Amino acid sequence: MSSLKSETAPPRPEPTLACASSSEVSDEELMARFCQGDAAAFNALFQRYARPVQGYLTRLTGSRAAAEDLVQVTFLSLVRARGRFLSGARLKPWLYAIATNAARDQQRRNARPEELTAEGELPLHAAADTQDPRDLGLERTVQRALSLLPEGQRVPIVLHRFEGMSFAEIAEAMGLTETAVKVRAHRGYARLRELLAHQREEMMG
């Protein structure tokens, strides 16, 4: 993965951006400008979504290092697939679908157990969006429970709970109906509560 960063990674944002980076410009307008050859528009999209996508991939994979590499893969795929982005489509679900596929492809290639910490737990390096004190123990417990969910349940929960995406957006990203996504999320949340309750019992026992 390290060679990808140096050889084929998408262009990094410039120190200063053109007006395309304005928060008033929609994702879709920026993507349209990028498809027309405006590099500043890509830079603006990268600055807008690199950190959120990395946070999503960290929670999805349980590995900050893997997420950093997958961000590069995600945006490289966006560059390569820009010609397939449909006018009128929403960018965010499309981008997160690319990120999800990148994580899935990496998991298939690796096909090995997650590296555990000295305490026998999955590593947790969730990106913090605020400076508020974090309950690392709780984060580790939630991450561990999330890792036990099937991907079809884990992805909707992470996108909905941590990324704030609507079920309609998640459905678009996953290529499912909104009803199907809600069913998966409902089952995933129910299973997650069971897992968390079981882990609390083990800790108290």
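**Labels and cut-offs**

Tutor: Phe85 has a relative accessible area of 14% and is buried. The model is a predicted one.

Student: Why is Phe85 called buried?

Tutor: Buried means under 20% relative accessible area. Phe85 has 14%, so the label buried applies.

Student: What makes Phe85 and Trp94 a tilted pair?

Tutor: The ring centres of Phe85 and Trp94 are 5.0 Å apart, and the planes stand at 55°.

Student: How many aromatic pairs does the structure hold?

Tutor: There are six aromatic pairs in the structure. In one of them, Phe42 and Phe75, the centres are 6.2 Å apart and the planes are at 85°, so this pair is edge-to-face. The cut-off for that label is over 60 degrees.

Student: What makes the pair of Phe42 and Phe75 a link between distant parts of the chain?

Tutor: Phe42 belongs to helix α3 and Phe75 to helix α4, and the two are 33 residues apart. Ring pairs also join Phe34, Phe42, Phe46 and Phe75 into a cluster.

Student: Are Phe42 and Phe75 buried or exposed?

Tutor: Phe42 is buried, with a relative accessible area of 1%. Phe75 is also buried, at 1% relative accessibility. The value of each is under 20%, so each counts as buried.

Student: Which residues touch the most other members of the largest nonpolar core?

Tutor: That core has 44 residues, and Val53, Tyr56, Leu57, Phe75 and Leu78 are the ones that touch the most other members. Helices α2, α3, α4, α5, α6, α7, α8 and α9 each supply at least two residues of the core. Helix α3 gives the most, with 11 residues.

Student: What does Leu57 contact beyond its neighbours within four places in sequence?

Tutor: Leu57 is in contact with Gly62, Ala67, Leu70, Val71, Thr74, Ala99 and Ala103.

Student: How many salt bridges are there, and why does the pair of Arg64 and Glu68 count as one?

Tutor: A search of the whole structure gives nine salt bridges. A salt bridge needs a side-chain nitrogen of Lys or Arg within 4 Å of a carboxyl oxygen of Asp or Glu. Arg64 and Glu68 meet at 3.8 Å, N to O, so the pair counts as a salt bridge.

Student: How far along helix α4 are Arg64 and Glu68 separated?

Tutor: Arg64 and Glu68 are four residues apart in helix α4, which means a separation of about one helical turn. Arg64 has 44% relative accessibility and Glu68 has 31%.

Student: What makes Arg104 and Glu151 a salt bridge?

Tutor: The closest N and O atoms of Arg104 and Glu151 are 2.7 Å apart, and the cut-off is within 4 Å, so the pair is a salt bridge. The pair links distant parts of the chain, with Arg104 in helix α5 and Glu151 in helix α7, 47 residues apart. Arg104 is partly exposed at 23%, and Glu151 is partly exposed at 26%.

Student: Why does Arg154 have no salt bridge?

Tutor: The nearest side chain of opposite charge to Arg154 is Glu151, 4.7 Å away. A salt bridge needs the atoms within 4 Å, so Arg154 has none, and yet Arg154 is buried. Arg154 lies in helix α7, residues 151-162. Leaving out residues up to four places away in sequence, Arg154 touches Leu60, Leu146, Ser147 and Leu149.

Student: How do you know that the charged end of Arg161 sits over the ring of Phe162?

Tutor: The charged end of Arg161 is 5.6 Å from the centre of the Phe162 ring. The distance cut-off is within 6 Å, and a limit of within 35 degrees of the ring normal also applies.

Student: What is the secondary structure of the protein chain?

Tutor: The protein chain has nine helices and zero strands. Of its 205 residues, 40% count as buried.

Technical notes:
Residues numbered from 1 in each chain as written. Predicted model: local features only at pLDDT ≥ 70, side-chain atom pairs only at ≥ 80, totals over all residues. Heavy atoms only, no water. Buried < 20%, exposed > 50% of the residue type's maximum accessible area, 1.4 Å probe, protein only. Lys, Arg positive; Asp, Glu negative; His and termini not counted. Contact = heavy atoms within 4.5 Å. Core = buried A, V, L, I, M, F, W, Y, C linked by side-chain atoms within 4.5 Å. Phe/Tyr/Trp six-rings, centres within 6.5 Å; stacked < 30°, edge-to-face > 60°.
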